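Reader: I would like a close look at one part of this structure, the nonpolar core and what surrounds it. Please take it residue by residue where you can.

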Amino acid sequence: LWPYIHYRRSTVKNSTINRELEVVRHILNLAKKEWCRLETVPYIRMLKEPPPRVRFLSRREADRLMLALPPHLQPVVQYAIATGCRASEILSLEWSRVDLDRKVAWLDHGTTKNGHARGIPLNNDAMISLSLAKAHGCHCRYVFTYCGQKMGSVGSAWRRALKRADINDFRFHDLRHTFASWHVMAGTSLIELM
């Protein structure tokens, strides 16, 4: 395995190599336990990984960011902070999956990272973001649009807004951390949050 690890280290991080090694380890365990093809499984040592990066916005940073965003991105970011959804889940959200009366949005299986469908409760901020999206330019299918078309990504407008708001070391995915952190600081239990 070490020649492979050395080869992969030239192009990817240790975390990527570890995910690959986990697949190999799993296959070896299957070969022993279920397929009865191995008597023993060799030990595979995982590589060291840096501690996970956790970055979230303070309330002040969030306010600055909202003011710096172009109008088409404001509802997207507000929805992300209000729901904790991933960018792909937000940008692919369809009006047919939103129940404004029951205040819930449904993510179909296949549109989420783990492939499972789930309901997203919509708080007041999420409802406001949906109203803003509708006022900004109602599309017959997609909730969040730019120039009448489905948004593919937040792109350079996102990066320029971060720069205008003087927010460093922040990615769109960190809005999920912001959602979770604000909830925990407000007393939401981890079980409720999940």
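Author: What follows describes the core and then turns to the salt bridges. The model is a predicted one. Its largest nonpolar core holds 41 residues, and Y79, F144 and W158 have the most contacts inside it. The elements giving two or more residues to this core are α3 (59-68), α4, α5 (87-91), β2 (104-107), α6 (124-137), α7 (155-164) and α8 (174-185). Helix α4 contributes the most, with six residues.

W158 touches L65, L69, L73, V77, F170, R171, F172 and L175, leaving out residues up to four places away in sequence. A second, separate core has five residues, among them I5, I17, L21 and I44.

Helix α4 spans residues 74-83 and includes A82. A82 counts as buried because its relative accessibility is 7%, under the 20% cut-off. Beyond its neighbours within four places in sequence, A82 is in contact with N123, D125, A126 and F179.

The salt bridges number ten. One of them joins R55 to E61, with the closest N and O atoms 3.1 Å apart, and both residues are buried. Another pairs E89 with R118, again with closest N and O atoms 3.1 Å apart. This pair links distant parts of the chain, since E89 is in helix α5 and R118 in strand β3 (residues 118-121), 29 residues apart. E89 is buried at 1% relative accessible area, whereas R118 is partly exposed at 30%.

Technical notes
Residues are numbered from 1 along each chain as its sequence is written. This is a predicted model: local features need pLDDT of at least 70, side-chain atom pairs count only at pLDDT 80 or more; totals for chains, interfaces and linings use all residues. Side-chain values use heavy atoms; hydrogens and water are left out. Helices (H or I, at least four residues) and strands (E, at least two) are DSSP runs, numbered from the N terminus. Buried means under 20% relative accessible area, exposed over 50%, partly exposed in between (1.4 Å probe, protein chains only). Contact means heavy atoms within 4.5 Å. A nonpolar core is a set of buried Ala, Val, Leu, Ile, Met, Phe, Trp, Tyr and Cys residues joined through side-chain atoms within 4.5 Å. A salt bridge is a side-chain nitrogen of Lys or Arg within 4 Å of a carboxyl oxygen of Asp or Glu.
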